Amino acid sequence: MLRTDRFNKADRVIRIGFWANAVLMVVKLAAGHFGHSEAVFADGVESACDFIAIGMTLIALKVGRKPYDSDHPYGHGKVESLSAIFVSLVIAATGGWILYGAATTMIEGRYATPALLAVLAAAGTIVAKEALYRYSVKVGGSLGSPALLAIAKDHRKDAITSVATLVGVGCAYFGAGIMDPIAAGLTSLFIFHIGYQTFRTSAHELMDGQPEQSILDAIAQLARGVEGVDQVHEIRARHSGQYLIVDLKLDMPPEMTVKRSHDIATEVKRRIFDHFSNVGDVMIHINPSDEPHEDLIRL
């Protein structure tokens, strides 16, 4: 997949989520206000926070799609992980806001009786947000985009929140007003968990943490299959937005010429690019295979 195609697909997903969130925000705020439901109105405020978060992600993708330059020789992909960190903080803040509102309502003991309009708004949000989650996680997973996957988790968080909102507002509609804040409080715990997972993944990528071992094993196996490579001495990789940057150390026969080893390294890199569309660059170091090699490193 071409670089432009990757970012165009990501932009499409984000923009659909952006405008869908705008519509849901207006609908839930109106339904909560006119339908006399504190839970649905709070859900609308949450959508307003998501609206801001998705807008930040659009900006991040615009920056991240810039090619490498002299100041950023590894590209601008890290901005996606920074955006995902921001989204995780918005998710956590939303959870705290919902928990505070639920606790305040229970302490004060003021339970409103919502209208049917509020119940329908909560039900419609579940369907819309779950559909957005599945669409976003499918494209985000295929592209390996941390920003898209963070937004997908945010959509799933909204769907979970709306389930609790529906239970609470539904029970309140039939007379059990206390269920509204209880459901909201329990939902906030799920929201905290999703925010933590998003933050942990993004922080791991920002700190150049290794990707899944299965990916490294597959790349190493591919390199070993190239004629002239005796062994893969070491493999490391790190995320840069939607791409992986791979470092390979290959053992080759000591009598091999520089040109021949260079041609083999080029073939290794070509095969990795052909098989892994999310690999952005491969740096290869060659060692003689007839003697032990001690790595010089200060990290």
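Trainee: Which elements make the right-handed β-α-β unit in this structure?
Mentor: In this predicted model, the unit includes helix α8, residues 258-275. Nine bridges join β2 to strand β3 (residues 279-288), and these two strands run parallel. The right-handed unit is therefore made, under the clockwise criterion for the crossover, by β2, helix α8 and β3.

Trainee: Which residue of β3 is the bridge partner of Asp251?
Mentor: β2 spans residues 243-252, and β3 covers residues 279-288. The bridge partner of Asp251 in β3 is Asn287.

Trainee: How many of the ten residues of β2 are buried?
Mentor: A residue counts as buried under 20% relative accessible area. Strand β2 is mostly covered, and the number of its buried residues is nine.

Trainee: Which helix supplies the largest share of the nonpolar patch?
Mentor: The surface patch amounts to about 650 Å², and its residues include Leu99, Met106, Ile182 and Phe192. At least two of its residues come from each of α3 (78-108) and α6 (179-206). The largest share, four residues, comes from α6.

Trainee: Is Phe192 buried, partly exposed or exposed?
Mentor: Phe192 is found in helix α6. Because its relative accessibility is 30%, Phe192 counts as partly exposed.

Key
Residues numbered from 1 in each chain as written. Predicted model: local features only at pLDDT ≥ 70, side-chain atom pairs only at ≥ 80, totals over all residues. Heavy atoms only, no water. Patch = residues over 30% accessible without salt bridge, like charges linked within 9 Å, V, L, I, M, F, W, Y side chains within 5 Å. Areas by Shrake-Rupley, 256 points an atom, 1.4 Å probe, with all protein chains shown as cover. Salt bridge = Lys/Arg side-chain N within 4 Å of Asp/Glu carboxyl O. Buried < 20%, exposed > 50% of the residue type's maximum accessible area, 1.4 Å probe, protein only. Pairing = 2+ DSSP bridges.
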